Amino acid sequence: MGHADRHLSPSSVPASDAPYWDAALETQSRANWDALKLDLLQRHLRHAYAGSPYYRAAWDAAGVHPDQVKSLDDIRRFPFITKQTLRERQLAAPPFGDLVAVPERDIVYISASSGSTGIPTASPFTARDFDDWMDYEARQFWSSGLRPEDRYCHSLNFSLFVGGPCVLGAQKLGALSIHAGTVPSERLLTIARQFQATAIWTTPSYAWYLGETAKKEGIDPKKDLAIKRIFVAGEPGGSIPETRNRIEELWGASVYDYYGLSDIFGSCAGMCEEKHGLHWAEDHILAEVLDPETGEPVAEGERGELVLTTLKKSARPMVRFRSGDIVSFTSEPCACGRTSQRLLGVHGRLDDMLIIKGVNLFPSDVEAVARKDHDLTGEYKLVVERIDHLDHLTVEVERAASYKGSDTNLAERFAKHLKSVTGVLPAVTILPPDTLPRATHKAKRVEDRRSGVWA
Ligand SMILES: [Zn+2]
């Protein structure tokens with residue numbers, strides 16, 4: 001049975017010991033994936049050209065047409081769009097912009113994201129888009145081991161946030177779904193304890209914070225709570241093994257990294273039980289990985305900017321959207337039997353990338369080093385300054401309460417380790433435990449004091 005034939009009836013849910021949600025789709029050959037994607041791409045581009053005034057004008061101006069697409073590589077003829085495009089077109093053709101390719105009567109849901117300018121840009125869905133999305137979320141949850149027997153506690157924001165409805169994917173899968181939303185930590189712990197939730201979704205920072213909060217309140221996350229699976233997204237931490245291991249130790253649970261894009265789906269990729277990369281929503285989104293300077297594709301496995309093209313989402317097609325995320329991919333088959341491309345890591349945002357004395361540095365690289373050393377708490381902060389026209393990086397870390405040695409030794413060890421991993425030798429400040437602010441949402445880990453450079 002194809003994914004498109006699946007209906008919202010309980011009979012469509014596989015038996016709990018079935019390894020795949022949609023075996024035929026998920027284990028097909030790479031050649032079949034490419035054929036499927038090309039077929040979807042050709043249809044989707046024709047739909048965009050016919051329905052969206054923006055795409056028709058932009059492609060006419062660029063001298064390209066959907067009929068020219070004979071292979072997946074032909075997508076490279078088409079012009080990029082950016083977050084700025086979405087904002088401008090929404091202002092030019094309110095309220096949803098002219099990238100929209102369907103009549104408004106067909107739109108049933110919008111999510112929105114505000115970004116740095118504060119103008120919320122809307123991401124519309126038709127009923128079919130929404131069903132496709134939830135089928136994908138169910139498939140992804142299934143790959144991470146969620147089953148109808150689970151009690152899934154969804155603690156993401158529902159207010160216009162594209163992560164909110166993902167709970168319906170868990171519900172479609174048959175899990176008992178608890179729509180908790182963003183509530184204070186004490187309340188969330190009470191809900192999780194009262195209903196003995198077995199799975200939860202949050203950010204890596206918050207998973208850690210919540211576990212520490214539980215312990216402070218006399219709740220042992222391993223014994224008093226039943227959480228066995230933690231889905232995380234929104235920060236690179238879930239793909240950093242050191243961070244994942246420490247959250248897993250704290251909770252006695254398994255952590256799965258998920259990746260979402262506010263302008264497309266709440267999650268577009270997620271880890272299977274193998275946890276080697278995130279299986280990509282390959283039948284929904286065509287991914288290119290490009291050198292951000294030249295726009296040329298990088299070799300498989302190399303880092304580059306993720307550029308996305310939707311393949312089905314009909315309300316507002318996204319064609320060659322520059323995500324600003326620096327990622328790497330593999331198309332090697334996974335040990336789980338799934339054949340979809342895997343996102344090997346989201347190394348950071350282009351916006352987050354620091355250039356220290358000519359070396360590219362992502363905060364996630366620092367995090368991996370900080371979390372590996374158990375004489376540190378794992379919390380960290382980067383302070384970048386410009387002194388005498390040179391960039392100086394200071395990394396602030398906290399010594400663990402159990403560490404009894406000298407701060408100087410600890411700082412030297414950390415600086416050397418970081419230098420060997422990143423090529424940057426920072427100044428290191430060792431702070432007492434519990435000095436740095438604990439994140440309750442996405443952590444602010446970088447303080448850039450170089451005036452005007454990255455503002
Ligand atoms: Zn896998």
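Is Phe 231 buried or exposed, and how many C-beta neighbours does Phe 231 have inside 10 Å? Phe 231 counts as buried because it has 27 C-beta neighbours inside 10 Å; a residue is buried if 20 or more other C-beta atoms lie within 10 Å of its own, exposed if 12 or fewer, and partly exposed in between, with C-beta atoms placed from the backbone.

The model is predicted, and local features need pLDDT of at least 70, side-chain atom pairs count only at pLDDT 80 or more, and totals for chains, interfaces and linings use all residues. Residues are numbered from 1 along each chain as its sequence is written.

Phe 231 sits in strand β6. Helices (H or I, at least four residues) and strands (E, at least two) are DSSP runs, numbered from the N terminus. Not counting residues up to four places away in sequence, Phe 231 touches Ser 144, Trp 201, Tyr 256 and Tyr 258, where contact means that the C-beta atoms of two residues, placed from the backbone, lie within 7 Å.

Gly 237 belongs to the loop between β6 (229–232) and α9 (241–251). Gly 237 is also buried, because 26 C-beta neighbours lie inside 10 Å. Its contacts, leaving aside neighbours within four places in sequence, are Pro 204, Ser 205, Val 232, Thr 243 and Glu 367.

The table gives one C-alpha separation for each of these two residues.

| Residue pair | Distance along the chain | C-alpha separation |
|---|---|---|
| Phe 231 and Arg 349 | 118 residues | 21 Å |
| Gly 237 and Ala 127 | 110 residues | 33 Å |

**Nonpolar cores**

A nonpolar core is a set of buried Ala, Val, Leu, Ile, Met, Phe, Trp, Tyr and Cys residues joined through C-beta atoms within 7 Å. The largest one has 87 residues, of which Ile 227, Ile 230 and Cys 268 touch the most other members. Helix α5 (residues 127–143) supplies the largest share of this core, six residues. Another core, of 20 residues, lies apart from it and includes Ile 240, Ala 370, Phe 414 and Val 424. Ile 230 is in contact with Ile 200, Ala 207, Ile 247, Trp 251, Ala 253 and Val 255, leaving aside its neighbours within four places in sequence.

**Domains**

The protein is divided into domain 1 (1–346) and domain 2 (354–448), with bounds that come from an automatic or database domain assignment. Taken over C-alpha atoms, the centres of domain 1 and domain 2 are 31 Å apart.

**Enclosed helices**

Helix α6 (residues 166–173) is largely enclosed by the rest of the structure, because eight of its eight residues are buried. Among them are Cys 166, Leu 168, Gln 171 and Lys 172. The buried residues of α6 pack against α5, β3 (151–154) and β4 (176–179).

Helix α10 (residues 363–372) packs against helix α11 (residues 407–422) at an angle of about 135°, with the axes 10 Å apart. Axes are lines fitted to C-alpha atoms, for helices over the stretch in contact, and angles run from 0 to 180 degrees between N-to-C directions. That makes α10 oblique to α11; angles under 35 degrees count as roughly parallel, over 145 as roughly antiparallel, 65 to 115 as roughly perpendicular and the rest as oblique. On the α10 side Asp 365, Val 366 and Val 369 meet Phe 414, His 417, Leu 418, Val 421 and Thr 422 in α11.
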